[in-house]
Amino acid sequence: MSSPTRTTAGPLTHTPDATDAPHAPHASHAPHAPHAASPHAYDVGLLLLRVVLGLTMAAHGSQKLFGWFGGGGIDGTGSFFTMSGYPNGKALAVVAGLTETFGGLGLALGLLTPLAGAAVVGTMVNALAVKGFGSFFAPTGIEYELLLTAGAAALALTGPGRLSADRYLPWVKSHRLAYGAAALALGLLIAAITLLLRN
């Protein structure tokens, strides 16, 4: 017969009103658990990812639009798109350049982050399709494009953190997973339509 003052319980007899000792193995959900990062750590980490990925994409867009950083500009990029099977290569060069530039800047600033991330994902899906899936590693493989795609998708889903312009926009201040998922679905749909136009 057990004592009425006994306070420990096995895993199968744990009651909702029981308090867990700080050293208990199942107390990892406590607010001050050793592995839990502070909100500031998440915000700074997301800021670093946003700025590096966003400015990289904006630079790619400027290559297409203005020929900066050794890019082909509208004419060179348009010719490449035409050779890759897209109709009206110059028009597509403008669209891709604007999407990469403004999508990248949106990520860097944390401005309309779900849509900015989805815009980058959409353009990178087309880049992956054009490059092909014959190999993985650079310079001929898809590892670089795949990394940019995954990073942009992750930011669309997680949101930009508090160190962002979205914090001051009422309709996206409280980021939800559904916002990012819906934006990504839209980006993938537009990417699919663009790929269907390819010869």
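This is a predicted model: local features need pLDDT of at least 70, side-chain atom pairs count only at pLDDT 80 or more; totals for chains, interfaces and linings use all residues.
**Notebook: aromatic rings and a helix pair**

I started at Phe136, which is partly exposed with a relative accessible area of 41% (buried is under 20%, exposed over 50%, partly exposed in between, with a 1.4 Å probe and protein chains only).

Residues are numbered from 1 along each chain as its sequence is written, and side-chain values use heavy atoms, leaving out hydrogens and water.

Next I looked up ring pairs: rings of Phe, Tyr and Trp (its six-membered ring) pair if their centres lie within 6.5 Å, and planes under 30 degrees apart are stacked, over 60 edge-to-face, the rest tilted. I found 4 aromatic pairs. Phe66 and Trp68 make a tilted one, with 4.7 Å between centres and 35° between planes. Phe66 is partly exposed at 48%, and Trp68 is partly exposed at 49%. Phe136 and Phe137 pair edge-to-face, at 5.1 Å and 85°. Ring pairs also join Phe80, Phe81 and Tyr86 into a cluster.

Then I turned to helices (DSSP runs of H or I, at least four residues, numbered from the N terminus). H2 (residues 73–83) packs on H3 (residues 89–109) at about 115°, with axes 7 Å apart (lines fitted to C-alpha atoms over the stretch in contact, angles from 0 to 180 degrees between N-to-C directions). I logged H2 as roughly perpendicular to H3 (65 to 115 degrees).

Conventions. Helices (H or I, at least four residues) and strands (E, at least two) are DSSP runs, numbered from the N terminus. Angles under 35 degrees count as roughly parallel, over 145 as roughly antiparallel, 65 to 115 as roughly perpendicular and the rest as oblique.
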